[in-house]
Amino acid sequence: MSTDPALAATTSRAVIDLGAIAHNARVLAQRTTAPWMAVVKADAYGHGLAQVATTCLGAGASWLGVAQLAEALSLRAALDAAGIARPEPGPEAAADPRAPRLMTWIAPVLSAERAQAPDSPLRAALAADLDLSASTVGQARAIAAAARAHGAPARVHLKVDTGMSRGGATAEELAEVAGALRAAEQDGALCVVGLWSHLSRADEPESGSTRDHLERFHAAAEQVERSGLRPTVRHLAATGGLLWHPETHLDLVRAGIGLYGLSPNPATATSQELGLRPAMTLQAELIQVKRLHAGQAVSYGGTWSAPEERWVGLVPLGYADGLPRSASSCGPVSVAGIWAPIVGRVCMDQVVIDLGPARDADGVARPAPAVEGQTAVLWGDPAQAPHPVPTADDWARACGTINYEIVTRLGARVPRRHIPADGRVD
Ligand SMILES: *Cc1c(COP(=O)(O)O)cnc(C)c1O
């Protein structure tokens, strides 16, 4: 038992089943022959950076990816602390789960002068043995300047825009960006090890969009080759590409949402259909149960009123914990084997849930179906729960968003409890 008083004082928790993450990793890896990157940005989609990263390495990930440079530096520190080796320096493509490559794709905009300063974030990136992304001439110059000051060549992935119109060099910009990178490469400041992009509609296989992306990607690869660069790690697919577009797997796939047991698009295939297990269960204890009279309004604005005498429960989670306020009067919750939706507005720290009528059809008083201290589940894995529980997909549907947002926005105030993957048979 934990003796940490702060932990003992908490009233909610996200239980993260690392065995489910290891299972999902194996299910996804079976669908490709390419090496794979575990995408652990945003605190591993809310699941806990270090725990998820080490679990994925155990399941065969040879790359780890995060969006922001600051996250990558934290990840490197966590891996160092866990005794996980750094990869060999140099341009080799091969990566190994025992010494994984770490990639980041969002860094601050720096002048060459600022990039080479002793406290430059790009020098910190190189000291942490990170693979970096470059989409612009400015980024290429900054990375080269940092690498010259650092005294070893940087590993760079040239990002091209193949139709997402987010990051990446456009077809018009590509020659100039590739030229700047090639000049720096010949100068020994960096090595372009990768060529990469991101798919905008891989989760809608019928759209035909991925075919267009792939065509543009191959055209970009030819142009990059003409500029003298020889990137050996070409990568394009996230979970959607991994699942539904095998032709996009190339030399590396980047798996995010699927690792967490969620489908990139439940309308295309549900997590259950994909054999994935949702890894996060969000729970809280009921801190109060009470009876309301008919017509009694609930929460700020009184937007919901009890249609009859009604039992309600108080759940100590609110929008400060990441519950969307759009879950007001609809977010599904399960407690004591019953479905007890949120009624009234989501508050900062609490929500009220409807536990049902306080009298039966004959007017006889009914006891409350749940008691104070009992565990309410907001979302989890129905296959693992003794009673039906809502899923992150149910929440996404109720709130007009996607499962990615439901799990990722879970607040820092909610403690994560990790169930180790070790010894778990699945
Ligand atoms: C987040 C992200 C991924 C992972 O996407 P999923 O759909 O969660 O698998 C892959 N690549 C990039 C560039 C990303 O930003």
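I'll start with the largest pocket in this predicted model, which has a volume of about 910 Å³. Its lining is made of 41 residues, and those nearest the centre are Lys41, Met164, Arg166, His198 and Tyr404. Both domain 1 (18-270) and domain 2 (280-419) contribute at least three residues to that lining. Among the elements that supply at least two lining residues each are α3 (41-45), β4 (101-106) and α14 (403-408). By residue type, the lining splits into 18 nonpolar, 15 polar and eight charged.

Next, the second largest pocket, at about 410 Å³. It is lined by 24 residues, with Thr281, Gln283, Val377, Ala385 and Pro386 closest to its centre. Strands β1 (12-17), β10 (280-285), β15 (334-335) and β19 (375-379) each give at least two residues to this lining.

Now the annotation. Which residues does UniProt list for "active site"? The unreviewed entry lists Lys41 and Tyr300. They are spread over 260 residues of sequence, and in space they are up to 34.8 Å apart between C-alpha atoms. From this set, Lys41 is part of the lining of the largest pocket.

Take Lys41. This lysine lies in helix α3. Beyond its neighbours within four places in sequence, Lys41 is in contact with Gly65, Val66, Ala67, Glu71 and Trp105. Its relative accessible area is 28%, so Lys41 is partly exposed.

And Tyr300: is it buried or exposed? Its relative accessibility is 57%, and the cut-off for exposed is over 50%, so Tyr300 counts as exposed. Tyr300 sits in the loop between β12 (297-298) and β13 (304-305). Leaving out residues up to four places away in sequence, Tyr300 touches Arg345 and Cys347.

Notes. Residues numbered from 1 in each chain as written. Predicted model: local features only at pLDDT ≥ 70, side-chain atom pairs only at ≥ 80, totals over all residues. Heavy atoms only, no water. 1 Å grid on protein atoms, 1.4 Å probe; cavity = no way out; pocket = protein on both sides within 12 Å on 5 of 7 lines; lining within 4 Å. Points joined across faces, edges and corners; volume = space filled by probe spheres on them. Helix = DSSP H or I, 4+ residues; strand = E, 2+ residues; numbered from the N terminus. Nonpolar A, V, L, I, M, F, W, Y, C, P; charged D, E, K, R; others polar. Domains from an automatic or database assignment. UniProt positions renumbered as here; feature names shortened; annotations may be inferred. Buried < 20%, exposed > 50% of the residue type's maximum accessible area, 1.4 Å probe, protein only. Contact = heavy atoms within 4.5 Å.
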